[in-house]
Amino acid sequence: MNQEKIGFFSVSFLLILSLAVGRFVVEKNNLKVTSPDSIKGIYECAIGNFGVPQYGGTLVGTVVYPKSNQKACKSYSDFDISFKSKAGRLPTFVLIDRGDCFFTLKAWIAQQAGAAAILVADNKAEPLITMDTPEEDKSDADYLQNITIPSALITKSLGDSLKSALSKGDMVNMNLDWTESVPHPDERVEYELWTNSNDQCGKKCDTQIEFLKNFKGAAQILEKGGHTQFTPHYITWYCPEAFTLSKQCKSQCINHGRYCAPDPEQDFTKGYDGKDVVVQNLRQACVYRVLNETGKPWVWWDYVTDFAIRCPMKDKKYTKECADEIIKSLDIDLKKVDKCIGDPDADVENPILKAEQESQVGKGSRGDVTILPTLVVNNRQYRGKLEKGAVLKAMCSGFQESTEPAICLTEDLNTNECLENNGGCWQDKASNITACRDTYRGRLCECPTVQGVKFAGDGYTHCKASGALHCGINNGGCWRETRGSYTYSACVDDHSSDCKCPLGFKGDGVKSCEDVNECKEKKVCQCPDCKCKNTWGSYECSCKNGLLYMREHDTCIGSSKVGTTKLSWSFLWVLIIGVGVAGLAGYAVYKYRIRTYMDAEIRGIMAQYMPLESQPTPSGPHMDI
């Protein structure tokens with residue numbers, strides 16, 4: 001064995017060893033047997049890492065254990081067996097024994113025969129394991145992406161119990177439940193994708209690139225809307241210290257053997273090396289970091305999809321130059337990206353890749369990341385087909401009920417229970433208002449808020465508008481009627497929600513308000529000369545013999561009284577005019593007397609200093625100068 005192969009096997013052995021000692025978490029869902037009574041109960045089963053698990057939902061079916069081909073390694077058509085459900089019957093869950101062929105092949109064969117799901121019974125007593133896809137070099141994997149039914153591994157003891165019940169002729173009904181497979185604590189889903197820039201690893205690489213392209217639009221909508229927080233990750237391994245200076249480690253690793261990736265073609269003599277993959281992975285991680293700092297992390301999806309299209313290995317464009325062109329075209333700061341990457345040849349640790357290696361180790365409910373690609377949703381590893389619709393189902397099941405974004409409530413992902421019998425919730429057909437609220441997991445019956453008006457009630461049998469402005473919504477649920485130019489309503493636009501018939505009506509205020517006949521009930525027009533006529537919502541009073549009706553006193557006034565009243569008013573006007581004239585005359589006299597007095601005073605003052613000609617000159621001594 002030459003040195004190249006020894007180095008390759010050493011790195012591979014280290015990888016295998018790291019996976020073996022790691023903590024791999026088996027993702028599980030519930031399985032509920034509803035009949036027969038002898039085995040009724042809730043059991044755990046392991047979700048297969050293929051097909052499409054119904055995340056957030058349930059699936060009800062009848063279990064069948066075929067008499068032939070019990071390991072499902074051959075086509076059931078060879079045995080004239082079909083599992084297709086007939087009209088009115090529950091879907092079929094096929095119970096299959098473990099062994100002799102790949103789990104994925106069992107699922108594919110059962111799916112072709114019409115099975116709605118498969119239950120693989122373990123062949124030995126052991127803890128549940130995850131059923132994974134086979135390596136491409138061991139099997140023709142063309143059918144893998146066509147598996148659409150869910151699968152579950154059950155324990156040997158449960159498998160034996162199911163077989164025993166079926167052998168006795170009992171009908172075994174079962175409910176597969178994925179509603180709690182993904183935690184859903186709040187209105188935001190946090191998810192991570194462990195991926196790789198390598199595009200020469202066969203079917204898995206092709207599937208991964210196709211997923212990135214197809215999921216990009218949905219991912220960017222969710223991220224821009226603040227509904228998700230996405231983080232990409234990349235797996236690297238280290239080279240054994242004894243081989244860090246070897247040709248193999250130098251070609252597969254950067255930073256002196258600290259961060260390594262397998263050779264893309266698994267042939268050291270041609271194509272790109274593992275270190276090229278590590279550098280491109282690091283570049284993608286740095287692009288995400290720079291974009292996240294600028295508040296636009298969703299642009300990462302544009303970069304990785306553009307890189308897969310424009311810089312493939314097969315065209316010899318898997319280079320820094322090609323990557324830099326994309327970075328510039330997306331207006332990403334190239335200098336910051338290069339600074340983040342650092343010097344791959346330096347004998348130092350890279351903080352980005354070091355953090356990635358630490359993140360590979362499982363924490364809490366999440367196990368170690370050992371499979372590429374791996375999707376983690378709300379700290380739970382996703383199991384199933386890496387396909388847009390299947391992944392969206394898993395992510396949508398991670399939102400707290402009633403907080404799901406619109407993309408989760410499309411027909412492709414969700415069945416709208418509100419469309420059938422309004423989901424059993426309250427509704428007002430006249431106003432097109434309903435308490436049924438569609439969610440990814442089902443429906444909620446909650447009284448709605450319409451145009452700022454809150455409805456109150458249990459949501460099932462009644463909801464009633466309340467608070468200010470509630471009369472604007474279906475008149476607050478109160479009685480309302482229009483006749484001619486008159487409209488009356490029992491709704492009062494205040495903070496109460498009671499319906500009260502208006503003045504002139506009586507009734508419950510909700511279904512009806514009847515006109516009160518004030519004339520018949522003798523509440524008005526009771527004077528001897530009064531005549532009463534009832535009208536809708538009011539009344540009219542008049543007087544006999546041309547008398548005048550005074551409504552505020554409920555009385556009729558005669559003509560003599562009217563004449564007296566007119567005379568009184570005439571006298572009042574004469575009196576007012578007389579007082580006015582007397583006032584003006586008095587004012588004129590007052591002004592005249594004041595002016596006469598002022599003239600006399602002025603003359604007296606002037607006479608003291610300048611004797612008038614008509615007065616004699618006073619006598620007295622004279623002084624000569």
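In E6, serine 151 is the bridge partner of isoleucine 118. That pair belongs to the parallel pairing of strand E5 (residues 117-121) with strand E6 (residues 151-154), which runs over 4 bridges. The model is predicted. Its protein chain has 625 residues, of which 43% are buried, and its secondary structure comes to 12 helices and 28 strands.

**Barrel**

- The strands E5 and E6 sit side by side in a closed barrel of 7 strands, whose order is E1-E2-E6-E5-E4-E3-E7.
- Pairing in this barrel is mixed, and the twist from one strand to the next averages 40°.
- Strands of a sheet pair through backbone hydrogen bonds, in either the parallel or the antiparallel sense.

- Helix H2 (residues 103-112) lies across strand E4 (92-97) and E5, and runs at about 140° to E5.
- Of the 10 residues of H2, 8 are buried, so the helix is largely enclosed by the rest of the structure.
- The buried positions in H2 are Phe103, Thr104, Lys106, Ala107, Trp108, Ile109, Ala110 and Gln111.
- These buried residues of H2 pack against E4 and E5.

**Nonpolar cores**

- The largest nonpolar core has 83 residues, and the members that touch the most others are Leu119, Tyr191 and Phe215.
- Helix H6 (residues 274-293) gives the most to this core, contributing 10 residues.
- Both domain 1 (28-178) and domain 2 (189-408) supply at least three residues each to this core.
- Leaving aside neighbours within four places in sequence, leucine 119 is in contact with Leu31, Val63, Phe93, Val94, Leu95, Ile96, Ala152, Ile154, Met174 and Leu176.
- A second, separate core has 24 residues, including Ala46, Phe103, Met131 and Leu153.
- Phe103 in that second core is also one of the buried residues of H2.
- In soluble globular proteins, nonpolar side chains tend to be buried together.

**Serine 197**

- Serine 197 is placed in the loop between strand E8 (189-195) and helix H4 (203-224).
- Its relative accessibility is 8%, and because the cut-off for buried is under 20%, serine 197 counts as buried.
- Not counting residues up to four places away in sequence, serine 197 touches Val277, Gln280, Asn281, Gln284 and Tyr318.
- With tyrosine 318, the side chain of serine 197 makes a side-chain polar contact of 2.6 Å.
- Isoleucine 209 is 12 residues from serine 197 along the chain, and their C-alpha atoms are separated by 8.8 Å.

**Serine 397**

- Serine 397 is found in the loop between helix H11 (388-396) and strand E14 (427-428).
- At 1% relative accessibility, serine 397 counts as buried.
- A polar atom of the serine 397 side chain lies 2.6 Å from the backbone oxygen of alanine 394.

**Three-stranded sheet**

- An open sheet of 3 strands has the order E18-E19-E20, and its pairing is antiparallel.
- Strand E18 (449-450) and strand E20 (463-466) are the edge strands, each pairing on one side only.
- Strand E19 (residues 453-457) pairs with E20 in the antiparallel sense over 4 bridges.
- Across this pairing, glycine 457 stands opposite cysteine 463 in E20, and alanine 456 stands opposite lysine 464.
- The hairpin of E19 and E20 has 5 residues between the strands, and glycine 459 in this hairpin takes a positive phi near 85°.
- In a regular strand the side chains alternate between the two faces of the sheet.

**Contacts along the chain**

- Among contacts in the protein chain with a separation of 6 or more, 62% are between residues 24 or more positions apart.

Note on methods: Residues are numbered from 1 along each chain as its sequence is written. This is a predicted model: local features need pLDDT of at least 70, side-chain atom pairs count only at pLDDT 80 or more; totals for chains, interfaces and linings use all residues. Side-chain values use heavy atoms; hydrogens and water are left out. Two strands pair if DSSP finds at least two bridges between them. Helices (H or I, at least four residues) and strands (E, at least two) are DSSP runs, numbered from the N terminus. Axes are lines fitted to C-alpha atoms, for helices over the stretch in contact, and angles run from 0 to 180 degrees between N-to-C directions. Contact means heavy atoms within 4.5 Å. Buried means under 20% relative accessible area, exposed over 50%, partly exposed in between (1.4 Å probe, protein chains only). A polar contact is a pair of N or O atoms within 3.5 Å; within protein, one must be able to donate a hydrogen and the other to accept it, and residues adjacent in sequence count only if both atoms are side-chain atoms. A nonpolar core is a set of buried Ala, Val, Leu, Ile, Met, Phe, Trp, Tyr and Cys residues joined through side-chain atoms within 4.5 Å. Domain bounds come from an automatic or database domain assignment.
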